[in-house]
Amino acid sequence: GQSLRALAQRSGLRIGTAINTDQLGSNARYDEIAASQFSSVTPENVMKWDAIEPQRGKFDYAAADELIRFAKQHHQLVRGHTLVWYNQLPQWLTDIGPSLTTKQATAILKQHIFDEMTHFKGRIWQWDVVNEAFNEDGTLRDNLWLQKIGPSYIEKAFRWAHQADPKALLFYNDYNIEYGGPKQDGAYALVKGLVKKGVPIDGVGFQTHLDTQYDIPDLRTTMQRFAKLGLKTAETEVDVRTTLPVTSVELSAQKAGYSETLQACLLVKACISYTVWGFGDAFSWIPGVFPGEGAADIYDEHLVAKPEYTSLQTVLRTA
Ligand code: G3I
């Protein structure tokens with residue numbers, strides 16, 4: 001059959017994957033799939049703050065640069081992930097965090113955005129500028145930036161990001177905003193306010209980490225809601241976990257999870273990319289975080305394509 005990327009190209013859609021840079025360059029089968037099946041890539045970890053600035057003022061871009069080289073070689077676009085997040089902060093920052101003044105925290109965050117975006121300038125298609133800023137109840141998540149700068153840290157981050165790399169598409173990215181409810185409403189109110197104020201935001205990323213025990217979200221309706229604000233949308237981290245071993249009813253639900261979410265992106269004009277959060281069950285983050293669950297990806301532990309892969313192919317073929 002034809003590759004996902006070849007099929008997606010006919011619809012003008014970028015189909016992406018998160019990349020585990022431990023595998024890249026050391027696992028030939030991994031490289032082969034990454035290159036042949038996808039037209040965009042997202043670093044799973046190596047552009048996060050702890051990875052690029054392990055010691056204050058000492059930068060390590062090696063792994064991310066290697067991924068960018070790979071992407072260029074294979075004519076892939078890169079989603080930058082992620083600049084402002086409560087998680088995977090460097091230890092030095094966690095250590096000094098509580099003692100920072102507003103002014104110091106603001107300067108550190110601004111410096112970080114300029115350092116990282118300047119390094120990658122012109123090579124990133126979409127940046128996840130702010131990641132996971134909301135609680136489930138729709139209030140802003142408690143983090144260092146909210147504590148030290150206040151809610152305006154979000155707007156500031158987008159303004160600095162636009163100054164640092166004016167051509168990159170700037171995204172707000174979150175999970176569980178695929179479903180209607182307070183968290184989606186919180187994110188909607190935020191981005192609506194940003195748009196109204198003229199803050200440079202281009203899109204909203206819906207992570208789309210699904211589990212077969214819950215509904216498949218109506219992403220067509222959801223993404224249209226955000227698109228009406230003039231924003232682009234993307235599905236940024238799709239996977240569909242289930243309890244192990246996988247029964248056939250669970251497998252059907254997984255296939256439906258992948259195909260319905262891809263269909264939604266194809267049906268919404270504003271949706272510019274569909275990205276799976278890794279493509280091999282052996283490398284998935286799921287078993288480490290949800291014990292007893294897994295099999296969330298479109299290739300199995302041996303990097304053999306699963307029925308979920310075929311479901312994506314079928315949707316693209318009929319698009
Ligand atoms: O790099 C260290 C290594 O030095 C150490 O020896 C090892 C021991 O545990 O840990 C390594 O760090 C791990 C890191 O991945 C890199 O492999 C962390 O423990 C581990 O927690 C971390 O997990 C990542 C997780 O984000 C952290 O929150 C997952 O790989 C990554 O898939 C996941 O991705 C997130 C997105 O960024 C945002 N949305 C949700 C998504 C899933 O949680």
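This is a predicted model: local features need pLDDT of at least 70, side-chain atom pairs count only at pLDDT 80 or more; totals for chains, interfaces and linings use all residues.
## Confidence

The protein has a mean pLDDT of 98, and 100% of its residues reach 70 or more. For the complex, the predictor gives an ipTM of 0.95 and a pTM of 0.98.

## Ligand surroundings

Around the ligand are Glu44, Asn45, Asn87, Gln88, Tyr175, Gln207, Glu237 and Trp285. Sorted by class, this shell has four polar, two charged and two nonpolar residues.

## Helices α11 and α13

Helix α11 spans residues 248-267 and helix α13 spans residues 307-317; the two pack with their axes 9 Å apart, at an angle of about 30°. Because angles under 35 degrees count as roughly parallel, α11 is roughly parallel to α13. Their crossing is right-handed.

On the α11 side, the contact is made by Leu251, Gln254, Lys255, Tyr258, Ser259, Leu262 and Gln263. These meet Pro307, Glu308, Ser311, Leu312 and Val315 in α13. By class, the contact of α11 with α13 has six nonpolar, four polar and two charged residues.

## Backbone details

Two cis peptide bonds can be described here. The bond from His81 to Thr82 is cis, with omega near -5°, and Thr82 lies in strand β3, residues 77-84. A cis peptide bond also joins Leu244 and Pro245, with omega about -5°. Pro245 is in the loop between β8 (232-243) and α11.

His75 has a positive phi, near 55°, although it is a residue other than glycine. His75 is found in the loop between α4 (62-73) and β3.

Notes:
Residues are numbered from 1 along each chain as its sequence is written. A residue is near a molecule or strand if its C-beta atom, placed from the backbone, lies within 6 Å of it. Ala, Val, Leu, Ile, Met, Phe, Trp, Tyr, Cys and Pro count as nonpolar, Asp, Glu, Lys and Arg as charged, and the others, Gly among them, as polar. Axes are lines fitted to C-alpha atoms, for helices over the stretch in contact, and angles run from 0 to 180 degrees between N-to-C directions. Helices (H or I, at least four residues) and strands (E, at least two) are DSSP runs, numbered from the N terminus. Angles under 35 degrees count as roughly parallel, over 145 as roughly antiparallel, 65 to 115 as roughly perpendicular and the rest as oblique. A crossing is left-handed if the near helix is turned anticlockwise from the far one by less than a right angle, and right-handed if clockwise. Two residues are in contact if their C-beta atoms, placed from the backbone, lie within 7 Å. pLDDT is the predictor's confidence in each residue, from 0 to 100.
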